[in-house]
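Here are a few exercises to work through with the model open beside you. Try each task before reading its solution.

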Amino acid sequence: MKKAIGNIFVGIMYFILYLPLLIMVFFSFNSGRSTSVFKGFSFKWYAELFTNSSDIGIPVRNTLILATLSAVIATVIGTAAAVYIYYVKNKAWKNTLNTVTNIPMMNPDIVTGVSLMLLFVFVGRLMGALNSLNFFTLLIAHITFNIPYVILNVLPKLNQTDPHLSEAAQDLGSTPTQAFFRVVLPSIMSGVTSGLMMAFTLSLDDFVISYYTTGTDFQTLPLYVFNMVKKPVKPNIYALYSIIFLLVLAVLLFTNISGMKENRKDKK
Amino acid sequence: MKNRSFLQRIIGAPYVLWAAIFIVVPLLIVAYYAFTDPAGAFTLDNIRNLTDYGTIFRESIVYSVVATLIALVLAYPFAYVMSRKREKTQQIMMVLVMLPMWMSLLILTYSWMGILERNGIINSLLAKIGVAPLNLIGTPAAVIFGMVYNYIPYMILPIYSVMSKIDPSVLEAAEDLGSGSASKLYRVILPLSMPGVVSGITMVFVPSVSTFYISQKLGDGKILLVGDVIERQIQAQNNYNAGAALSLVLMVLIVLSLALMKLFAGEGDDNLYV
């Protein structure tokens, strides 16, 4: 009985959680222009996505460029930073580094966005620029909020590694740099990849920080969606997000199934 | 060894520089703007003018506290049921909770607008059975609902993650010592899951209290929160000084409530993530 109540509760929660997604997928097949009145079934919004006339093409391309660049740069800086933090001996300095790293994760996005924007505007004014926001300020902002998540993913892996491994490698004649690339890096690689993935998806999804730090000439997909306030949402954006939904579902299922297999291997 | 310490220093340099310039300095710049006028002269006017926003601050806090509590009340039993399932089912359930987090919150909020609008899906269903249309959007309930909906996964996941790590033998021990299921819940599971609850609360409260698009979209512009006011000052009015003062106070407010949470939870853990 108790179990049944629990299952019904969980079922209702999942229904509400997925209701807007179901509505989104449903109306992406609408032959009309509305996202709340269904006229008839059609693939036309999907077809429109893949034509040149689509107005979504540029924001999608921008979003991918930004997410790739910011994730890669943040992963390089963040992994190096995690290794550095791991080896820091001075307690006070280590605490300071950890606290500063936590700031972008604890601060609300709007504060992170506004603070970075004010920095860019301040520096821009010092240099006499009228418009100081552009693609590069947006990229800097994304790298900034991505780095802490990379560190968060890499640091626990470093804590799990055997510190003697790198020393052993050096005793066997490798230089510290070789020891790092041949011994330490491979053992933290899973943390580095998950950090990279996390940074990439955070960057793809970010709206608030981008909203404050981008210029007028570079629009990402979330910004494009936000700017559709005035005119009602067209089903083409639903079609795009339905495809994204499927992709995310596939990636999540794939990584979890492979993760489950790994777990099982570990147990054996 | 000398060699290694040199490498260590070099490897951290980019991040130390980056964090100084793009994490620490921006916060100082916020303070600078908050205490100066557009000409750059020192003033307390921006801070003094914040009294105009007293109601908005109060409402933002009330809305997000209510949303956080509702999320907690829903997420806790959800995580509990989840943690009792078979391992494979748990994995699938977790993926299903995470999936909406990977979708754009904006698009989900738009979808809710389409459902709740005056000529939206719910009202057109109601019309079919002859019920007059309801004003669902533009109400406090809609905004709170939006907050709960958007951020509840951030409540479920940390609670679940702590609960699933509770050693089953601890529960068995409680049973052996005569605990019924109620006392097992209150005296064993609840205390052990507190770290998850604490990080869940912060992860829902912080984005809720600072949101602006949920209140804009589901509040239909009728409900103003701190985030909306910051957004207006910065984006519409280009009043960076007022926007900075508001951001500064929002930041202080959040730091205070996090400190309060820690005091309650009696924990010194710096990490938000369990």
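A crossing is left-handed if the near helix is turned anticlockwise from the far one by less than a right angle, and right-handed if clockwise. Keep that handy for the first exercise, and bear in mind that this is a predicted model.

**Exercise 1. A helix pair in chain A**

Task: Describe how helix H3 (residues 57–87) of chain A packs against helix H8 (residues 176–205) of chain A.

Solution: 
- Start with the geometry: two packed helices are described by the angle between their axes and the distance between the axes.
- Here the angle is about 145°, and the axes of H3(A) and H8(A) lie 8 Å apart.
- Now the handedness: H3(A) crosses H8(A) in a right-handed sense.
- Next, pick out the residues that meet. From H3(A) they include A:Leu66, A:Ser70, A:Ala74 and A:Gly78, and from H8(A) they include A:Val192, A:Gly195, A:Ala199 and A:Ser203.
- Finally, sort the residues of this contact by class: nine are nonpolar, seven polar and none charged.

**Exercise 2. Chain B at a glance**

Task: How many helices and strands are there in chain B?

Solution: 
- Chain B has twelve helices and zero strands, so the pattern along its sequence reads α-α-α-α-α-α-α-α-α-α-α-α.
- Its C-alpha atoms fill a box of roughly 80 × 70 × 30 Å along the principal axes.
- Of its 274 residues, 40% count as buried.
- Take the contacts in chain B between residues at least 6 apart in sequence: 72% of them join residues at least 24 apart.

**Exercise 3. Where the chains meet**

Task: Which element gives the most to the side of chain B that touches chain A?

Solution: 
- Count both sides to begin with: 63 residues of chain B are in contact with 60 residues of chain A.
- List the contributors on the chain B side. Among the elements that give two or more residues are helix H1 (2–34), helix H3 (54–83), helix H9 (181–209) and helix H12 (240–265) of chain B.
- H1(B) gives the most, with 19 residues.
- By class, this side of chain B has 47 nonpolar, 13 polar and three charged residues.

**Exercise 4. Into the core**

Task: Which residues of the largest nonpolar core touch the most other members?

Solution: 
- The core holds 133 residues, and the ones to look for are A:Leu118, B:Met155 and B:Ile156.
- Helix H7 (residues 140–163) of chain B supplies the largest share of this core, 15 residues.
- Chain A takes part too: domain 1 (1–42 + 232–268) and domain 2 (70–229) of chain A each give at least three residues.
- Zoom in on B:Met155. Not counting residues up to four places away in sequence, B:Met155 touches B:Ala71, B:Leu72, B:Ala75, B:Gly200, B:Met203 and B:Val204.

**Exercise 5. Buried or exposed?**

Task: Is each of B:Ile189, B:Asp220 and B:Asn238 buried, partly exposed or exposed?

Solution: 
- The cut-offs are 20 or more other C-beta atoms within 10 Å for buried and 12 or fewer for exposed, with partly exposed in between.
- B:Ile189, in helix H9 of chain B, has 20 such atoms, so B:Ile189 is buried.
- B:Asp220 sits in the loop between helix H10 (213–218) and H11 of chain B. B:Asp220 has 19 C-beta neighbours, so it counts as partly exposed.
- B:Asn238 belongs to the loop between H11 and H12 of chain B. B:Asn238 has 10 C-beta neighbours, so it counts as exposed.

Notes
Residues numbered from 1 in each chain as written. Chains lettered and ligands numbered in written order. Predicted model: local features only at pLDDT ≥ 70, side-chain atom pairs only at ≥ 80, totals over all residues. Core = buried A, V, L, I, M, F, W, Y, C linked by C-beta atoms within 7 Å. Helix = DSSP H or I, 4+ residues; strand = E, 2+ residues; numbered from the N terminus. Domains from an automatic or database assignment. Contact = placed C-beta atoms within 7 Å. Nonpolar A, V, L, I, M, F, W, Y, C, P; charged D, E, K, R; others polar. Axes fitted to C-alpha atoms, helices over the stretch in contact; angles between N-to-C directions.
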